[in-house]
Amino acid sequence: MPLGTIILLIVSLLIYFGVAQRVLDKLKLSDKAALGVIAALIIGSFINIPLPRGPRIEASLNVGGALVPIILAGYLIARTTNIEKLRAAIGIIVTAAAIYLAGRFLNAEPESMFMGPIYLYPLVGGIVAYVIGRSRRSAFIAATMGILLFDVYTYLRIMIQGIPGAVIIGGGGAFDAIVIAGLLAVLLAEFIGETRERLQGGPAERGKAPALLKRLRPSSPMKTKQEEEGEKGETGENN
């Protein structure tokens, strides 16, 4: 079974048991929607759509590794702020460029690389996507679409140069890379974002509505002396 499919099955179990609820809330996805996306990714990974080809060149588009991520990215982009849209757009280009440079300078041949492309590309893509995207949505979009953009570049290069071979945009190892990179980018955003909030003493309060801040502040069973005196004063005034 492909590595990407195994990871998706593990993620679906985490979603089912409610472990990934916080991340899904940040991505604006419900449990059912997320499980539906995972099912579409897995089922679509077995479907390839033929693309224009040249002499001794075979090309196709994988539904699960290309079309589904594009639709999901479009959904997330529609629910992001303008600054997140800008970061996502820059992140896609920078991520694709970083993967290209990693393959060029590290000799993109499995036999000569210290780490297989299926691990190296998503590792580079996920880290770069988070650094540029910052938020969970922007990082996920930059990681998945960055690898997909690199896949499209590979297809165009083969077609233009007439290099014999076969390429499946979003399929094969690219499907695994897209899944790993997207998950890694979101996990980095979640872990680092949560760590920063804790180091800062909690979520930022500036500019947030009082009702929201009241919910963000943890409730303590032990009241401070000032709070007790304030409540007594209010009770005396009412009486």
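Of the 239 residues in the protein chain, 38% count as buried, meaning under 20% relative accessible area with a 1.4 Å probe, protein chains only. This is a predicted model, where local features need pLDDT of at least 70, side-chain atom pairs count only at pLDDT 80 or more, and totals for chains, interfaces and linings use all residues. Residues are numbered from 1 along each chain as its sequence is written, and side-chain values use heavy atoms, with hydrogens and water left out.

**Overall layout**
- The protein chain has 10 helices and three strands; these are DSSP runs numbered from the N terminus, with helices being H or I of at least four residues and strands E of at least two.
- Reading from the N terminus, the order is α-α-α-β-β-α-α-α-α-β-α-α-α.

**Contacts and surface**
- Take contacts (heavy atoms within 4.5 Å) between residues at least 6 apart in sequence: 70% of them join residues at least 24 apart.
- The accessible surface (Shrake-Rupley method, 1.4 Å probe) comes to about 14,500 Å², and 65% of that belongs to carbon and sulfur atoms.

**Helix 6 against helix 7**
- Helix 6 (residues 117-133) packs on helix 7 (residues 136-161) at an angle of about 135°, with axes 8 Å apart; axes are lines fitted to C-alpha atoms over the stretch in contact, and angles run from 0 to 180 degrees between N-to-C directions.
- The two are therefore oblique to each other, as angles under 35 degrees count as roughly parallel, over 145 as roughly antiparallel, 65 to 115 as roughly perpendicular and the rest as oblique.
- On the helix 6 side, the residues include Gly125, Gly126 and Ala129, and on the helix 7 side Ala142, Ala143 and Phe150 are among them.

Definitions and conventions
Buried < 20%, exposed > 50% of the residue type's maximum accessible area, 1.4 Å probe, protein only.
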